[in-house]
Amino acid sequence: MSRKQAVLVTGASGEVGNGLIHRLAKLHQYDILALDLRDVDDETGAKCHARLVGDILDSRLLERLVSEFEIHAIFHLAALLSTRSEFTPETAHEVNVTGTMNLLKLAVEQSRSHGGRVTFLFPSSIAVYGVPSLTEKAAARPVLEHEFTEPTTMYGCNKLYCEHLGRYYARHYRQLAAETTKSGVDFRSLRFPGLISAFTVPHGGTSDYAPEMIHAAAKGEAYACFVREDSRIPFMAMPDAIDALMALMAAPADALSANVYNVTAYSPTAGELATLTRAAFPDAAIRFAPDLRRQGIVDSWPAELDDTRARRDWGFKPSYDLKRTFDEYLVPNIRARYRKA
Ligand code: AKB
């Protein structure tokens, strides 16, 4: 039986996975393999060639994938996010680092087996940054990829290390082996800011206050925001995050000067987000009740990212500024969603 050309999406049921699968399906180019601990919903499942319910730590499951499919690209989205990881740092390390190693190994095996390269898309995060103080945060210009890379969270450490692992696999794999062999892994990573989706509310992250606030307002629920009003980090609307993943996947290899790219759209304060939310949902009951420890994490993330490298190498340009995110994406879609519910 001939093997199929496939794209594997881990974390397929998560925020990014869902939208990404719908976008990938529009290409009509690949068989989509969805992998997650939780099955994808039926609408998303209908776009997939296979929906696999399982763990990226399950080597038998990964071996089965290698033997059954011809995987040409992997979107490795599965991860434990920053807040969740602080409660179970060892588990986070296992999922975020060992899980990524397993997928990198799978990519090498796949490349060996079909002889082509495997494009490995890895969403990294602003959590890789650790700005030492609020004074430095306020004084810093938009942060470049190599600056302030001393994260304070387990998740941030995991993401940063996996970026390095990916770079190693792509550029230096088995550099001392008698026969120099290329891994066949074309590793490409995006450092995402906080993401805001109209369709899903994230769990276990520290940038979650933005989507939580907006979804709570639309549902008519009161919301106690766990950071100060003046907290500022970068954000992006989910459609732009998915566009960015697709654009980086499609970029010609010789245009890429690095393995890791910052991407960003806007950097509102939590107070500015609350003002926009109240304008859209006048009954919104938002108050600020900072949790000092989660606040500390947000304070350690940069206020703004410099994404010149992504704009220059592969033409990154977000379509949604903050106003358009609210007016054209969040408010109409969130309203419709909770009206239906
Ligand atoms: C989190 O808050 O952990 C994530 C992230 C910024 O990567 N949303």
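Buried means under 20% relative accessible area, exposed means over 50%, and partly exposed lies in between, worked out with a 1.4 Å probe on protein chains only. By that scale, Lys219 is partly exposed, with a relative accessible area of 42%. The structure shown is a predicted model, in which local features need pLDDT of at least 70 and side-chain atom pairs count only at pLDDT 80 or more, while totals for chains, interfaces and linings use all residues. Residues are numbered from 1 along each chain as its sequence is written, and side-chain values use heavy atoms, with hydrogens and water left out.

**View 1. Lys219 and Glu221 form a salt bridge.** A salt bridge is a side-chain nitrogen of Lys or Arg within 4 Å of a carboxyl oxygen of Asp or Glu. In this pair the closest N and O atoms are 4.0 Å apart. Glu221 is partly exposed, at 43% relative accessibility. Across the model, the count comes to 16 salt bridges.

**View 2. Asp186 meets Arg117 in a salt bridge.** The distance from N to O is 3.3 Å. Asp186 sits in strand β6 (residues 185-192) and Arg117 in the loop between α5 (89-114) and β5, so the pair ties together parts that are 69 residues apart in sequence. Helices (H or I, at least four residues) and strands (E, at least two) are DSSP runs, numbered from the N terminus. Are the two partners buried or exposed? Asp186 is buried at 13% relative accessibility, and Arg117 is partly exposed at 44%.

**View 3. Arg312 and Asp313 are joined by a salt bridge.** Here N and O are 3.0 Å apart. Arg312 counts as exposed, at 56% relative accessibility, whereas Asp313 is buried, at 12%. Elsewhere, salt bridges that share partners join Asp39, Asp42 and Arg51 into one network.

**View 4. The largest pocket has a volume of about 1,200 Å³.** On a 1 Å grid over the protein atoms alone, a pocket is an open set of points where a 1.4 Å probe fits, with protein on both sides within 12 Å along at least five of seven lines; lining residues have an atom within 4 Å of a point. Of the 44 residues that line this pocket, Gly14, Glu15, Ala79, Leu81 and His203 are the closest to its centre. Which helix supplies the largest share of the lining? That is α1, with four residues. The lining has 21 nonpolar, 16 polar and seven charged residues.

**View 5. The second largest pocket holds about 480 Å³ of space.** Its lining has 17 residues, and Asn18, Gly19, His22, Ser197 and Phe199 lie nearest the centre. Helix α1 gives the most to this lining, with six residues. By class, the lining divides into five nonpolar, six polar and six charged residues.

**View 6. Residues around the ligand include Leu81, Tyr155, Thr206 and Ser207.** Look for the side chain of Tyr155, where an N or O atom is 2.8 Å from an oxygen atom of the ligand. A polar backbone atom of Thr206 is 2.6 Å from an oxygen atom of the ligand. For Ser207, an N or O atom of the side chain is 2.9 Å from a nitrogen atom of the ligand.

Key. Points joined across faces, edges and corners; volume = space filled by probe spheres on them. Nonpolar A, V, L, I, M, F, W, Y, C, P; charged D, E, K, R; others polar. Near = heavy atom within 4 Å. Polar contact = N/O pair within 3.5 Å; in protein donor to acceptor, adjacent residues only side chain to side chain.
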